[in-house]
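I opened my notebook to look up a few things in this structure. Here is what I went through, in the order I went through it.

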Amino acid sequence: MIVRKLRLQRGWSQEQLSQFSGLSVRTIQRIEQGKTAGLESLKSLAAVFEVDVQDLQKPAKEQPMNNPSEATASLSTDEQEAIEQVKDVKDFYTHTVTSICMITFLFILNYMISPGYIWAWWAALGMGLSIVFHAIQVFEVVNLFGPDWERKQVEKRLGRKL
């Protein structure tokens with residue numbers, strides 16, 4: 001999360017960070033997902049972001065907030081939630097574009113193989129439903145199992161308020 005925040009603050013893509021640091025894009029992705037990074041990878045990232053290696057190793061909660069240069073790498077809860085929400089929206093858009101490309105390909109294939117029966121509608125229906133359900137989840141149109149539900153369930157099992 002800290003690496004992602006620093007990357008986003010500079011407006012860099014993962015590919016650009018990969019070029020600047022000499023690490024692979026996959027390594028950058030793993031580190032941003034919270035996987036453990038090797039010391040050499042952390043040194044490369046620390047050099048690119050001009051921070052100490054220790055700042056990249058500390059969890060966001062343990063990072064000092066009194067010095068602005070040290071606090072650059074820390075993440076508040078709001079920032080973490082916003083980053084996760086943006087990632088979810090990005091995944092939704094990627095899912096939508098991929099599905100549209102697949103549906104288009106299937107209609108072309110359907111027309112070439114058996115133009116008399118348009119079976120691609122069934123695939124389009126399935127992919128369309130998956131897009132709708134994904135949108136409901138990402139944009140929280142209907143939030144059946146959201147934080148309020150979780151809190152109520154915990155309170156119910158504890159028999160008291162949190």
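**Entry 1, cores.** I kept in mind that this is a predicted model. I began with the largest nonpolar core, which has 17 residues. Val3, Leu17, Leu45, Phe49 and Leu56 have the most contacts inside it. I then looked up where its residues come from: α1 (2–10), α3 (25–32), α4 (39–49) and α5 (53–57) each supply at least two. With five residues, α4 gives the most. I also listed the partners of Phe49 and, leaving out residues up to four places away in sequence, found that Phe49 touches Val3, Leu6, Arg7, Arg10, Trp12 and Leu17. There is a second, separate core of five residues, with Val89, Phe92, Ile131 and Ala135 among them.

Is Ser99 buried or exposed? I noted a relative accessible area of 6%, under the 20% cut-off, so Ser99 is buried. Ser99 sits in helix α7 (residues 77–113) and, again not counting residues up to four places away in sequence, touches Met127 and Ile131. Gly126 belongs to helix α8 (residues 120–138) and is partly exposed, at 38%. I looked up the C-alpha separation of Gly126 and Ser99: 10.0 Å, for residues 27 apart along the chain.

Which residues make the nonpolar surface patch of about 770 Å²? I wrote down Tyr93, Phe139, Val141, Val142, Leu144, Phe145 and Trp149. Leu144 lies in the loop between α8 and α9 (147–158). Its relative accessible area is 58%, over the 50% cut-off, so I marked Leu144 as exposed.

How values were computed:
Residues are numbered from 1 along each chain as its sequence is written. This is a predicted model: local features need pLDDT of at least 70, side-chain atom pairs count only at pLDDT 80 or more; totals for chains, interfaces and linings use all residues. Side-chain values use heavy atoms; hydrogens and water are left out. Helices (H or I, at least four residues) and strands (E, at least two) are DSSP runs, numbered from the N terminus. Buried means under 20% relative accessible area, exposed over 50%, partly exposed in between (1.4 Å probe, protein chains only). Contact means heavy atoms within 4.5 Å. Patches are made of residues with over 30% relative accessible area and no salt bridge: like charges are joined within 9 Å, nonpolar side chains (Val, Leu, Ile, Met, Phe, Trp, Tyr) within 5 Å. Accessible areas come from the Shrake-Rupley method with a 1.4 Å probe; for residues, only the protein chains shown count as cover. A salt bridge is a side-chain nitrogen of Lys or Arg within 4 Å of a carboxyl oxygen of Asp or Glu. A nonpolar core is a set of buried Ala, Val, Leu, Ile, Met, Phe, Trp, Tyr and Cys residues joined through side-chain atoms within 4.5 Å.
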